[in-house]
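Colleague: I'm new to this one. Can you walk me through it?

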Amino acid sequence: MGTVAPFPGKPLQVGFDRVELMRILDLYGRMVAAGLWKDYAIDLGKEAACFAAFRRAAERPEYRIEKRPALRNRQGMWALIGEGGAVLKRGQELGPVLAPVERRLMKLVDD
């Protein structure tokens with residue numbers, strides 16, 4: 001058997017690793033259980049990976065979670081983008097970027 005070597009050069013697309021995707025899908029599952037989200041979409045592009053969560057399948061996403069590695073050393077590679085396209089939170093780590101959505105879920109559970 002041969003040895004698998006990584007392809008030299010820049011990757012052709014940005015993606016989520018297993019831990020990141022599990023964290024995002026865990027939040028998605030809790031939001032579905034609360035009745036807030038119904039559908040999602042994942043877009044893997046050359047410059048960014050995007051997870052979009054929808055209230056209904058036929059409208060704009062309520063939130064988009066974007067990973068842009070090119071911004072790692074600037075504002076942070078993670079961004080939470082609202083329905084209108086405004087950046088709600090940006091950071092180096094995924095957890096703090098997801099915090100506003102998790103707080104919203106906590107408020108719904110407490111009521």
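**Charged pairs first**

Modeller: Let's begin with Arg 30. Its relative accessible area is 32%, so Arg 30 is partly exposed. Keep in mind that this is a predicted model.

Colleague: Which side chain does Arg 30 meet in a salt bridge?

Modeller: Glu 102. The N to O distance is 3.4 Å. Glu 102 sits in helix 2 and Arg 30 in helix 1, so the pair ties together parts that are 72 residues apart in sequence.

Colleague: Is Glu 102 buried or exposed?

Modeller: Buried. Its relative accessibility is 19%, and the cut-off for buried is under 20%.

Colleague: What other salt bridge does Glu 102 form?

Modeller: One with Arg 23. The closest N and O atoms are 4.0 Å apart. That pair also links distant parts of the chain: Arg 23 is in helix 1, Glu 102 in helix 2, and they are 79 residues apart. Arg 23 has 35% relative accessibility, so it counts as partly exposed.

Colleague: Which residues are linked in that network of salt bridges?

Modeller: Arg 23, Asp 26, Arg 30 and Glu 102.

Colleague: Why would such side chains pair up?

Modeller: Opposite charges can pair when the charged atoms come close.

Colleague: How many salt bridges does the count come to?

Modeller: The count is 7. Another one joins Glu 83 and Arg 55, at 2.4 Å from N to O. Glu 83 is in the loop between strand 4 and strand 5, and Arg 55 in the loop between strand 2 and strand 3, so this pair ties together parts 28 residues apart in sequence.

Colleague: How exposed is Glu 83?

Modeller: Partly exposed, with a relative accessible area of 29%. Arg 55 is also at 29% relative accessibility and counts as partly exposed.

Colleague: Switching topic. Where does helix 1 run, and what should it span?

Modeller: Helix 1 covers residues 18-33. At 1.5 Å a residue, its 16 residues should span 22 Å, and the end C-alpha atoms are 22 Å apart, which agrees.

Colleague: Which residues of helix 1 are buried?

Modeller: Glu 20, Ile 24, Leu 27, Tyr 28 and Met 31 are buried in helix 1. They cover an arc of only 100° around the axis, so they sit on the same side of helix 1.

Colleague: And which exposed residues are on the face turned away from the buried side?

Modeller: Arg 18, Val 19, Met 22 and Ala 33 are the exposed residues that helix 1 carries there.

Colleague: What caps the N-terminal end of helix 1?

Modeller: Asp 17 does. One of its side-chain oxygens lies 3.2 Å from the backbone nitrogen of Val 19. Just after helix 1, Gly 35 takes a positive phi of about 85°.

Colleague: Why do nonpolar side chains end up together?

Modeller: In soluble globular proteins they tend to be buried together.

Colleague: What does Ile 65 touch?

Modeller: Leaving out residues up to four places away in sequence, its contacts include Phe 16, Ile 24, Phe 51, Trp 78 and Leu 98.

Colleague: Last one. Where is Arg 72?

Modeller: In the loop between strand 3 and strand 4. Arg 72 has 42% relative accessibility, so it counts as partly exposed. It touches Met 77 and Gln 92, not counting residues up to four places away in sequence. Arg 72 and Gly 91 are 19 residues apart in sequence, and their C-alpha atoms are 8.7 Å apart in space.

Definitions and conventions. Residues are numbered from 1 along each chain as its sequence is written. This is a predicted model: local features need pLDDT of at least 70, side-chain atom pairs count only at pLDDT 80 or more; totals for chains, interfaces and linings use all residues. Side-chain values use heavy atoms; hydrogens and water are left out. Helices (H or I, at least four residues) and strands (E, at least two) are DSSP runs, numbered from the N terminus. Buried means under 20% relative accessible area, exposed over 50%, partly exposed in between (1.4 Å probe, protein chains only). Contact means heavy atoms within 4.5 Å. The expected span of a helix is 1.5 Å times one less than its number of residues. The arc is that of the directions from the helix axis to the C-beta atoms. A polar contact is a pair of N or O atoms within 3.5 Å; within protein, one must be able to donate a hydrogen and the other to accept it, and residues adjacent in sequence count only if both atoms are side-chain atoms.
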